[in-house]
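Colleague: I'd like a close look at one part of this model, the pocket. Could you walk me through the lining and then the strands around there and elsewhere?

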Amino acid sequence: NSTVIGFDLHNEPHGSACWGCGTKSIDWQAAATRAGNAILAVNPKLLMIVEGVENQSASGSTWWGGGLAGVKVKPVKLTVKNQVVYSPHDYPASIFQQSWFSASNYPNNLVGVWDKNWGYIDKQNIAPILVGEFGTKLETTSDKQWLSSLVSYLKSNQMSFVYWSFNPNSGDTGGLVKDDWTTRQTAKLAALKPLIGSGTTPLPVPTPAATVKPTPTKAPTPTTKPTVTPTKKPTPTPSAKPTTKPVPKPTPKPTATVKPVTAGSVTAAWKLQSSWPGGYIAEVSVKSTKTPTSWSVTWPDSKVTKVVNAWGMTCSVKVRTSITCTGDGWAAKPVPGQAYSLGLQVESSAAPTAPKVTVTAK
């Protein structure tokens, strides 16, 4: 398929995944090398897009897929040269309270964080950088400072990027359009303007072809006076009437929110973000007064068949009965007082509107 230019080899390596540690089952640098070479053996023209890891031996933990400090010592070397693009993910404090967000010199410390984790790769001409994900609901001062700094960093270094997301149904960041999938998120677009401009590209104006001035030919002198015959006025053709009625524009359904439920130290709220025939997106907001050992939320869904995807949670399904989601990864043990915005995509013939949510915490 000539429209495909590259493969992102794996989304957000994290947890035990290491970079160049030598343990085959968890060494992401080695796995990316094997996968990249296997694909290039089929098509040597494709770009191999390689994300980073969460936990770095020398530079500490960062975002899932965000740590590429190890490239300096152990880059991904493929059989075809110049086909590697490194692709970190980066997010603001509303997604997770990383240590650098509470530093006294925030947001001025962000450039140093990015330089150490992945920016040096581009600056030292090791390989191109494509920031594969970054986004925010842009609701807090900290998030606004983060986005402004990152936009400036990407623009000044001319790095490539992909914003997450255009669609409004990302539970943790929202989109560039509102829940009606049409209305623009003007504040976000204004913040991104240094990177994307006004968002419209003017159509080129064609250069008119040169007109050759004809040489006039002298008309012959008539010998007799011509008879002028009046031209009959044409009968106008009536306009055709439409045969079908115009289809009305659908009105988006409002999202449904369930009142927060508390169990032990954990409070969770459920919100239906968007739905369509065959599925829906729900957001689960979690906050805790102390760090729990584990937590989960359950709600009834008489139409559910499976969970397609989830972020910050691991979810299981009792078909056409209920869904249970347990905190996982960066949301497994919430930091006291920190708000977490999680979510999932569900395959279901109809979305529940106000299900009774049960919270379990240990």
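Modeller: A pocket here is an open set of points on a 1 Å grid over the protein atoms alone, with protein on both sides within 12 Å along at least five of seven lines, and a lining residue has an atom within 4 Å of a point. Bear in mind that this is a predicted model: local features need pLDDT of at least 70, side-chain atom pairs count only at pLDDT 80 or more, and totals for chains, interfaces and linings use all residues. Residues are numbered from 1 along each chain as its sequence is written, and side-chain values use heavy atoms, with hydrogens and water left out.

So, the largest pocket holds about 730 Å³ of space (the volume filled by probe spheres set on the grid points, which are joined across faces, edges and corners). Its lining counts 30 residues, and the ones nearest the centre are Asn11, Glu12, Glu133, Asp172 and Trp311. By type, the lining splits into 14 polar, eleven nonpolar and five charged residues; Asp, Glu, Lys and Arg are the charged ones, and Gly goes with the polar set.

Which strand gives the most to that lining? That's β12, with three residues. Strands are DSSP runs of E, at least two residues, and helices are runs of H or I, at least four, numbered from the N terminus.

β12 belongs to an open sheet of five strands, ordered β8-β9-β10-β15-β12, with antiparallel pairing (two strands pair if DSSP finds at least two bridges between them). β8 (261-263) and β12 (304-311) are the edge strands, each with a single partner, so one side of each has no neighbour in the sheet. On average, neighbouring strands of this sheet are turned by 30 degrees against each other, direction ignored; the axes are lines fitted to C-alpha atoms, with angles running from 0 to 180 degrees between N-to-C directions.

Elsewhere, the pairing is parallel: β1 (residues 6-8) and β2 (residues 47-50) share three bridges, with Phe7 opposite Met48 in β2. On its other pairing, β2 runs parallel to β5 (residues 84-86), again through three bridges, and Ile49 faces Val85 of β5. In the segment before β1 sits Val4. Val4 lies 7.9 Å from Leu46, C-alpha to C-alpha, though 42 residues separate them in sequence.

Conventions. 1 Å grid on protein atoms, 1.4 Å probe; cavity = no way out; pocket = protein on both sides within 12 Å on 5 of 7 lines; lining within 4 Å.
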